[in-house]
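Student: I would like a close look at a single part of this model, with the cut-offs spelled out as you go.

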Amino acid sequence: MKSTRARGRNYRRQLTDCQGPIDCNVIGSTPRLAPWIDLTGAKSKRLNTRTAHLLMSDRPMTETETLTLARTWLREAQRVVALTGAGISTESGIPDFRGPQGVWTKDPDAEKLSDIRYYLADPKIRKKAWRSRSDSTVWQAQPGAGHRALARMEQIGKLDTLITQNIDGLHQLAGNSPEIVIEIHGTLRKVRCMSCAYLVETGVVLKRLEAGEDDPDCPDCGGILKSATISFGQNLVPEDLARCEQAAKNCDLLLAVGSTLSVYPAAGVVPLAKQAGARILIVNGSATEMDAIADAVLRGNIGDLLPSLIPALH
């Protein structure tokens, strides 16, 4: 674990709005800085003497102190909402998009495969996209320690809703119930027709690729097939947006994991939860756009950090 950080009630800082790459509706309204919530507010339980001392101290907290505080908050929480990004899946062998070894960093043209305009207009892009899906590391990937930790949180009754920006389906494979998982950017594990209601498991279409097709069409209407993911230029599912907003407003702790929190509307749940009185706990390998409004930040390897939070929940 490289560094940790927690903030007391006197910390204030202006958060700069960030523009996400997805052309879709923003949860709530335009992202803005939520007011700093007093940690002894309506949704918070009475703090013990040691916790209160840590929060009011002027000196930075040590790694151990911050971890202890985060465990206490998780143990006290009644309704936890988790928001996950690509960082939780990198240890499963799935590269992120914008990191130093990210898919789009290495091959800027690959971003066109995720742009609905190029996908619908250019058969060459579709063929390249299908090859990419067929060769994806997702099909061999297994859930990591971070995924299993969140599944454990649900099993012991702590996790109310899991909002994920990931399309790999690893949360469900780890044991999280599909009912509590909101795949805000869709899933790679299903394929839909862009013209009709045809929807199948991706494996069905991958078999057609193995048989020699390079741009498979819809067997029902002849339309263009596409993975059930949200591409650039597509709107998110309104029902998913509404569920995310409601979960953020109702939670008493929001746990953000493996995300730079720079892509909207998913990142918008953080200031929404903060404004509603929830504590914000961020676990990530690097700085995020929302560190300024977090109550605590744990920085380091997600596969080590998340499981270390769980023993206190028993």
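Student: Does C218 count as buried or exposed, and at what relative accessibility?

Tutor: At 3% relative accessibility, C218 counts as buried, where buried means under 20% relative accessible area, exposed over 50% and partly exposed in between, with a 1.4 Å probe and protein chains only. The model is predicted, so that local features need pLDDT of at least 70 and side-chain atom pairs count only at pLDDT 80 or more, while totals for chains, interfaces and linings use all residues. Residues are numbered from 1 along each chain as its sequence is written, and side-chain values use heavy atoms, without hydrogens or water.

With a disulfide taken as a pair of cysteine sulfur atoms within 2.5 Å, the count comes to 0. C218 is in no disulfide, and the nearest cysteine sulfur, that of C196, lies 3.6 Å away. C196 is likewise in no disulfide, with the sulfur of C218 as its nearest cysteine sulfur at 3.6 Å. C196 itself is partly exposed, at a relative accessible area of 30%, whereas C218 is buried.

Turning to another part of the model, the lining of the second largest pocket draws at least two residues from each of β5 (186–193), β6 (199–201) and β7 (225–229), strands here being DSSP runs of E with at least two residues, numbered from the N terminus. The largest share of that lining, 5 residues, comes from β5.

Terms used
Helices (H or I, at least four residues) and strands (E, at least two) are DSSP runs, numbered from the N terminus.
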